[in-house]
Amino acid sequence: MSHKFSVEVGGRDLSFEAGQLAGQASGAVLVRYGESAVLVTAVISDSVREGIDFLPLTVDYLERAYAAGRVPGGFFRREIGRPSEKETLTSRLIDRPIRPLFPKGLVNELQIIATVLSGDQETDPDIVALNGAAAALEISDIPFQGPVAAVRVAKVGDDLVVNPTNTQIKNSRLNLIVAGAPQGIIMVEGGGHMAQEEEVLEALFFAQEQLQPILALIGRMGAEVCRPKRPAPPPPDYGDLPEKVAALAGELLLPAVTQPDKKARRQALDDLYLKVLADLGEEAQGREKQVGQVFQDLHKKKVRHMVLTQSRRLDGRDYAEVRPISGEIGMLSRTHGSALFTRGDTQALAVTTLGTPSDEQRIESLYGETFKSFMLHYNFPPYCVGETRMLRGPSRREIGHGALAERAISPVLPTAEEFPYTIRVVSEILSSNGSSSMATVCGTSMALMDAGVPIQAAVAGVAMGLIKEGDRVAVLSDILGDEDQLGDMDFKVAGTQEGITALQMDIKMTGLTREIMGQALRQAKHARLHILERMATVIAAPSPGLKEHAPKIIVISINPDKIREVIGPGGKMVKQIVAATGVKVDIDDDGRVHISAPTQQAADEAIKMIQDITAEAEVGAVYHGKVKKIMDFGAFVEILPGTDGLVHISELDHYRVKAVTDVLKEGDELMVKVLEVDRQGKIRLSRKALLEAPPNTETPRPHDPKKKPPRVHKKRSE
């Protein structure tokens with residue numbers, strides 16, 4: 001039996017259909033919004049996965065080309081291989097708000113698949129898919145502590161718009177995705193163009209209001225069509241183990257966790273855990289995992305209590321203090337720009353590479369083919385956290401962190417007209433102890449300035465944390481990795497001195513008030529300004545010129561009608577230019593020519609060759625030409641590459657020329673003057689106009705030796 005539910009959001013119906021499609025799934029919902037339609041399924045395995053202590057959840061968002069009436073590119077003409085960056089980021093977007101809502105101890109395999117069946121060119125399916133996942137879980141037999149819902153909020157002009165169209169998003173100065181439960185916000189993802197803290201705060205709580213009708217509807221779906229829920233896993237029975245572990249480790253925990261150095265802290269905790277196991281003796285045999293979990297719970301409880309009651313953090317800082325910062329630029333001589341940014345134990349090496357327009361990334365999506373001229377890639381090798389593992393392709397986490405940093409930097413980049421380069425930045429995380437994505441933002445900003453990219457302003461980022469128990473609240477600036485794991489919030493904020501360019505928030509608790517959010521934003525601004533000040537001591541403005549090994553890109557404009565001539569048949573002409581000068585030539589359809597050269601001299605040579613090809617004849621101008629063809633009525637002379645004009649026989653000389661071949665032959669070179677260029681582009685040339693006219697007014701005919709002189713008749717004398 002099919003069930004349909006709908007609610008109006010942003011002036012359009014958001015509808016959910018259950019019971020008709022994918023009946024074998026644990027829960028399935030077809031969600032429609034505008035002309036977008038997404039099928040979301042949720043499935044749980046019947047058996048538990050042994051030997052694990054985490055939730056084995058997989059979320060996959062899939063875009064089908066048929067959804068937009070398109071045939072996929074590539075040899076196979078089907079969707080194969082790795083998911084696109086958009087699919088990966090949307091999968092993470094769905095995963096983050098729902099993962100904390102599964103009961104602790106659930107170790108059955110879980111999979112959520114969101115398939116885009118119809119793609120509205122004005123509606124991004126990501127919000128549709130996230131709401132579909134929430135609804136599919138709500139009506140399934142999977143234990144889930146929902147409901148949850150999501151909206152997108154943009155600030156267009158002075159107005160906040162819920163679920164804006166893609167056109168509205170392009171004209172907005174703030175674009176946020178907000179997910180929440182009835183108790184409050186649980187996830188935020190988005191960016192802005194120098195947005196102010198109050199603007200962000202207003203948008204977040206506007207979004208929370210807009211979420212309520214969707215939450216109510218999804219809750220009603222769960223009440224009316226939900227299958228009987230499976231029982232949640234019972235809480236583990238540790239017996240008297242927590243008391244015994246507390247007695248053995250309680251007094252020793254704080255000295256261990258307050259070691260300022262990360263490696264020393266981890267070693268102290270490992271040693272203490274081994275000591276607890278040894279002291280428990282036979283009682284711990286076979287129960288090592290339980291002892292480890294009890295030890296972790298005690299560790300978390302002690303640290304949180306210390307922070308809230310003693311205002312003391314793991315490394316001794318106060319709540320708003322930022323770790324020591326240092327930086328260095330230009331440390332890699334062959335690269336186009338580089339910067340090393342270090343904050344505490346977190347260290348990022350950012351490297352800038354400048355390329356030509358042909359180096360842009362081509363993206364195939366539901367919206368057609370687009371090109372991307374700025375790419376930021378984030379790498380998190382295992383050595384940065386002192387671990388070993390197999391090296392494979394970029395993980396979802398690496399793609400997500402790179403996208404966040406890219407969003408933070410994008411608003412300050414120059415336009416293509418100002419700086420016609422493709423820009424790629426790679427951030428290598430050399431050491432990580434919290435907020436490596438925000439270290440990437442700082443390092444990238446410095447590396448771009450070192451490369452001479454004229455960015456509008458420096459950008460810095462900071463990660464904020466929160467510990468809250470009852471009325472006690474601690475907002476922490478520049479959190480450590482351990483503070484992230486033990487706390488209730490991870491809130492990353494990036495921006496310039498003028499305002500916020502990107503933010504990302506994940507909350508592990510409910511009931512986050514406006515006051516707490518406001519305090520976190522104000523504290524993040526204070527930290528951001530401090531970091532920007534420290535960065536300015538290393539590099540305060542973009543370098544005045546490009547590095548020695550950076551390509552020289554010069555943009556010239558030609559008549560679009562001349563593009564074919566520059567390229568030549570089969571690319572012959574442009575290949576000759578490249579072979580002769582060593583440059584790289586890219587031509588846009590609008591006539592802009594991008595010349596990338598290793599030296600300025602090579603660029604100048606290429607420019608001259610292109611200008612010679614594309615030059616147009618000017619009336620009154622004199623050209624050095626070459627005879628290409630002789631006709632009875634005149635000679636065709638090439639005055640510019642690919643441009644011929646006619647020298648009529650009457651324009652060859654001041655005297656009457658009987659045959660063109662008496663004066664010219666093919667291959668002859670001569671100077672000619674342009675007399676006229678008609679509407680059809682035909683060029684009339686003259687050789688005569690450049691010759692000195694004879695002194696007498698009547699031009700004599702030349703002597704013909706083959707012709708007998710005329711007989712002179714004399715009158716007879718009478």
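Analyst: **The sheet and its helices**

Helix H1 (residues 85-98) lies across S5 and S6, and runs at about 140° to S5. Helix H2 (residues 125-139) also packs on the sheet, where strand S2 (12-18), strand S3 (27-33), strand S4 (36-48), S5 and S6 are touched by it. The direction of H2 makes about 150° with that of S3. (Contact means heavy atoms within 4.5 Å; angles run from 0 to 180 degrees between N-to-C directions, with axes fitted to C-alpha atoms, for helices over the stretch in contact; helices are DSSP runs of H or I with at least four residues and strands are runs of E with at least two, numbered from the N terminus.)

This is a predicted model, in which local features need pLDDT of at least 70 and side-chain atom pairs count only at pLDDT 80 or more, while totals for chains, interfaces and linings use all residues. Residues are numbered from 1 along each chain as its sequence is written, and side-chain values use heavy atoms, leaving out hydrogens and water.

Now to the strands themselves. S5 and strand S6 (residues 108-118) run parallel and are joined by seven bridges; two strands pair if DSSP finds at least two bridges between them. Here Tyr-61 stands opposite Ala-114 in S6.

Stepping back, six strands form an open sheet with mixed pairing, in the order S1-S2-S3-S4-S6-S5. Strand S1 (3-9) and strand S5 (57-63) stand at the edges with a single partner strand each, so one side of each has no neighbour in the sheet. On average, neighbouring strands of this sheet are turned by 15° against each other, direction ignored.
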